[in-house]
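Please open the structure in your viewer and keep the selection tool at hand.

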Amino acid sequence: MRTKWAVIFVGLLFLFAAGAALVQVSADNKSPTQNTNTLLLSADDPIGDNARKMLEDGQKAFRFDTFGDEAFWGDQLQLHKAIEGAKNGGVGPGVSPKMALSVGLKVDMDMLPADLVAQVKANKVDLDDPATTLALLKLNAVIGVTGFFDREKKQLIEVGIQCSLCHSTVDDAFAPGIGHRLDGWPNRDLNVGAIIALAPNLKPVTDLLGVDEATLKKVLNSWGPGKFDAEVLLDGKALRPDGKSAATLLPSAFGLAGVNNHTWTGGWGGVTYWNAFVANLQMHGQGTFFDPRLDDAAQYPVAAKAKFGHKRDPNDLITPQLAALQFYQLAIPVPKPPSGSFDEAAAGQGEMLFNGKAKCATCHVPPLFTEPGWNLHTAAEIGIDAFQSDRGPDKRYRTAPLHALWSIDKIHKGGFYHDGRFATLQDVVQHYSQFLKLGLTDKEIQELVEYLKSL
Ligand code: HEC
Ligand code: HEC
């Protein structure tokens, strides 16, 4: 009996080996079929048509949709009153265009009529007058902010905010802060905290957090430009244990396709999860949101009490936009490094280090530069503190997809890592070299930096 089974076994092994050899032969000789008809070029193609419509709808939502959040920023916080100022029926001095630009708001020059552009050029427009800000709002030229006016188009009665407020900027083609739109670029000049602190009525936020107005204003003013705290309305943690602000940098919203988990702490979910989260819970749009993880009163005391994980507004303006909104963001490409912005020869050496000795590619897997799969790590794995990761549901940091690292005056203004703790790419690489005991020489560090700048 034994020998019979042994013979069968050896026979099977042989068959297997022969099969493998055959596969090998055909793999060596294979060539793809040349007949690869491109779908999107044919005239009546439902997939191509759908893709174009999704892009259009998604762009509209990303740039202009307030999801009804003017009920919060306008009716409740009364932000419009601070913008128009007492002279125009609001309160206080109002927000002049100069002030708006100084808190990082951006103006879309393509929305300005030619005669207005000529007047601005000739210095004939008063940039110190809040009435000019109202005129810009009527033209829908302030990126990420929509003004709602009364029927006569005179009085500003509400304002709402959009995704583009934080995730778009301009190329400064006309003047600093005024130019063509750049969707997906984080606005690292935008002082979100200072803008919210202008609101005449902060009671809805102080009630939610259970703090007084002075404390809230102190927190809002501690964020600084380019930062926002997306978790404070869940966990009420405004400061880190070291006393510094708990806000994180505004991330880019391009190059997101293929990346599984999103945000700095990742474990929340994918792009569409986070879009629904932000539109409902941060922008305070009208919608539906479900996430029972927010019922955990130990991790998310504020959210659990307010039942944020079970939001159902009577009129859902968010859910119908989610598909197109996600589609649009996935389509936004990573801006390419301008020519001459990095040393090509050194970058070539750096690439080899990245994929070899420096071990970067074990986590930042090219060409996604994050892991395909579950792209999360503990704080201990990357050698930093766990304050921010502990605020996410998975208590991890997401392997940041490395995008447009050459842009240190716009996209990465404010530094690297979630809170900008590393001012330069040299600092980042030096951190890894020490922490992972890579023993990189100064030359190797510089080569890695040049490679990073090429991404
Ligand atoms: C007030 C500023 C602000 C607004 C408005 C805003 N976001 Fe964000 N967004 C952030 C911040 C801050 C983060 C990072 C949050 C974190 O990691 O905790 C983020 C994260 C993201 C991410 C994850 C990016 C990545 O690297 O994975 C996407 C995608 C995104 N936002 C899209 C949107 C969309 C779409 C909207 C509109 C529905 C929107 N955001 C509105 C500030 C904002
Ligand atoms: C164990 C996995 C891991 C390894 C290995 C690793 N990284 Fe990272 N990297 C991360 C994570 C996670 C983050 C996000 C940190 C945060 O959110 O604060 C990150 C962030 C970064 C950033 C900041 C990106 C931004 O948008 O601010 C850079 C740059 C970077 N890594 C480069 C490197 C280089 C260069 C190496 C190799 C020397 C390397 N990484 C090795 C996991 C890793």
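Helices here are DSSP runs of at least four residues, numbered from the N terminus. With that in mind, note that this is a predicted model.

**The whole chain.** Display the protein chain as a cartoon: its secondary structure comes to 19 helices and 12 strands. The C-alpha atoms fill a box of roughly 100 × 55 × 55 Å along the principal axes. Of the 455 residues, 40% count as buried. Among contacts in the chain with a separation of 6 or more, 65% join residues 24 or more positions apart.

**Ligand 1.** Next, select ligand 1 and the 26 residues that surround it. The closest are Cys163, Cys166, His262, Thr263 and Trp264. Now colour helix H8 (164-167), helix H13 (271-282) and helix H15 (322-331), each of which supplies at least two residues of this shell. Which helix gives the largest share of the shell? That helix is H13, with five residues. Colouring the shell by residue class shows 18 nonpolar, seven polar and one charged.

Finally, select helix H18 (residues 425-435) and helix H19 (residues 442-453). Two packed helices are described by the angle and the distance between their axes. The axes of H18 and H19 come within 9 Å and cross at roughly 125 degrees; the two helices are therefore oblique to each other. Their crossing is right-handed. To see the contact, show Leu425, Gln426, Val429, Gln430 and Ser433 of H18 together with Ile445, Leu448, Val449 and Leu452 of H19. These contact residues divide into six nonpolar, three polar and no charged.

Methods
Residues are numbered from 1 along each chain as its sequence is written. Chains are lettered from A and ligands numbered from 1 in the order in which they are written. This is a predicted model: local features need pLDDT of at least 70, side-chain atom pairs count only at pLDDT 80 or more; totals for chains, interfaces and linings use all residues. A residue is near a molecule or strand if its C-beta atom, placed from the backbone, lies within 6 Å of it. Ala, Val, Leu, Ile, Met, Phe, Trp, Tyr, Cys and Pro count as nonpolar, Asp, Glu, Lys and Arg as charged, and the others, Gly among them, as polar. A residue is buried if 20 or more other C-beta atoms lie within 10 Å of its own, exposed if 12 or fewer, and partly exposed in between; C-beta atoms are placed from the backbone. Two residues are in contact if their C-beta atoms, placed from the backbone, lie within 7 Å. Axes are lines fitted to C-alpha atoms, for helices over the stretch in contact, and angles run from 0 to 180 degrees between N-to-C directions. Angles under 35 degrees count as roughly parallel, over 145 as roughly antiparallel, 65 to 115 as roughly perpendicular and the rest as oblique. A crossing is left-handed if the near helix is turned anticlockwise from the far one by less than a right angle, and right-handed if clockwise.
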